[in-house]
Amino acid sequence: MVAHHYHPTDSELPAPNPLYFRYQQLRADSITSLHSHPWGQLSMISLGVMEMALGEQRLVAPADYLIWMPADLEHAAYNEQALDYTSIYVSHEQAAKLPPEPRLLLLTPLIRALLNDFCERRVGHMMDEWDQRQAELLVERLAGTRCQESYLPMSQDKLLAPMLAVLHQDPADHRTLAQWAGQLHTTERTLARRCLRELGMSFGQWRARLRLLKALAWLKGDLPIQEISWRLGYGSTSAFIAMFNRELGCSPQRYRQQSAERGSAMVGKGDAAL
């Protein structure tokens with residue numbers, strides 16, 4: 001029999017019926033050590049980025065994705081920013097409808113509305129038949145939403161790996177795929193095919209995601225927004241602000257204010273059931 005290192009709070013809970021919600025506030029730079037849960041778990045954050053590690057696999061997700069973790073898989077978690085965190089345990093019956101491996105699940109408007117209703121009412125276990133129906137509808141919608149392994153996948157491909165490493169260090173690097181191909185002694189078409197095969201997206205999409213994650217990390221510090229824009233390679237601050245608004249639905253300044261407001265209210269550190 002395999003011994004599982006369950007989070008200590010799990011032993012105090014009855015099984016989800018079919019969902020169970022826990023609400024917590026996490027401080028910036030919160031780390032949760034290796035642990036697992038007896039049920040499948042959906043993790044939702046209010047802003048910023050959450051990272052989960054399972055051995056060599058890393059799941060990095062911004063707030064418009066849920067992280068799905070099947071039961072009994074040991075994982076560790078980390079978040080850079082202060083944020084509100086919701087952990088949702090899923091019964092074995094309902095979990096069977098979701099992927100058998102850890103994945104990011106896109107929060108569509110309907111999925112977000114169903115979750116927000118539970119969260120605003122601070123529902124823990126389902127209280128009545130209506131809650132149970134809503135929970136079942138939520139899982140059905142999650143089973144059909146966009147599913148991916150990582151928001152920002154990496155690759156050990158001999159051509160892609162050096163290019164991605166340079167961009168991690170300097171997201172403002174403006175070289176086109178054709179210019180990278182020349183430097184790597186290959187063709188633009190070959191690089192484009194490898195991006196789609198290894199990363200599941202185009203070179204341009206990958207670089208845009210990298211820049212967004214870098215922006216989220218830098219906004220928690222004191223760098224002026226104009227300098228963040230410059231470090232990311234944007235030709236103007238307004239272009240950076242437009243991208244940020246399009247992706248996250250608020251301005252960089254508003255995001256920074258929300259992060260600071262939540263940070264001043266945070267209590268505890270690293271003790272969440274992630």
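Reader: Is Glu227 buried, partly exposed or exposed, and what is its relative accessible area?

Author: This is a predicted model, in which local features need pLDDT of at least 70, side-chain atom pairs count only at pLDDT 80 or more, and totals for chains, interfaces and linings use all residues. Residues are numbered from 1 along each chain as its sequence is written, and side-chain values use heavy atoms, with hydrogens and water left out. Buried means under 20% relative accessible area, exposed over 50%, and partly exposed in between, with a 1.4 Å probe and protein chains only. Glu227 is therefore partly exposed, its relative accessible area being 27%.

Reader: With which residue does Glu227 form a salt bridge, and how far apart are the closest N and O atoms?

Author: A salt bridge requires a side-chain nitrogen of Lys or Arg within 4 Å of a carboxyl oxygen of Asp or Glu. Helix 8 (residues 225-231) holds both partners, four residues apart, about one turn of the helix; helices here are DSSP runs (H or I, at least four residues) and strands likewise (E, at least two), numbered from the N terminus. The partner of Glu227 is Arg231, and the closest N and O atoms are 3.0 Å apart.

Reader: Which residues touch the most other members of the largest nonpolar core?

Author: A nonpolar core is a set of buried Ala, Val, Leu, Ile, Met, Phe, Trp, Tyr and Cys residues joined through side-chain atoms within 4.5 Å. The largest has 53 residues, and helix 7 (residues 203-219) gives the most to this core, with eight residues. Those that touch the most other members are Met50, Met163, Leu191, Trp206, Phe240 and Phe244.

Reader: Which element gives the most residues to the lining of the second largest pocket?

Author: On a 1 Å grid over the protein atoms alone, a pocket is an open set of points where a 1.4 Å probe fits, with protein on both sides within 12 Å along at least five of seven lines; lining residues have an atom within 4 Å of a point. The lining of the second largest pocket has 16 residues, with Arg58, Ser150, Leu152, Pro153 and Met154 nearest its centre. Strand 5 (57-62) and helix 6 (188-199) each give two or more residues. The greatest contribution, three residues, comes from strand 5.
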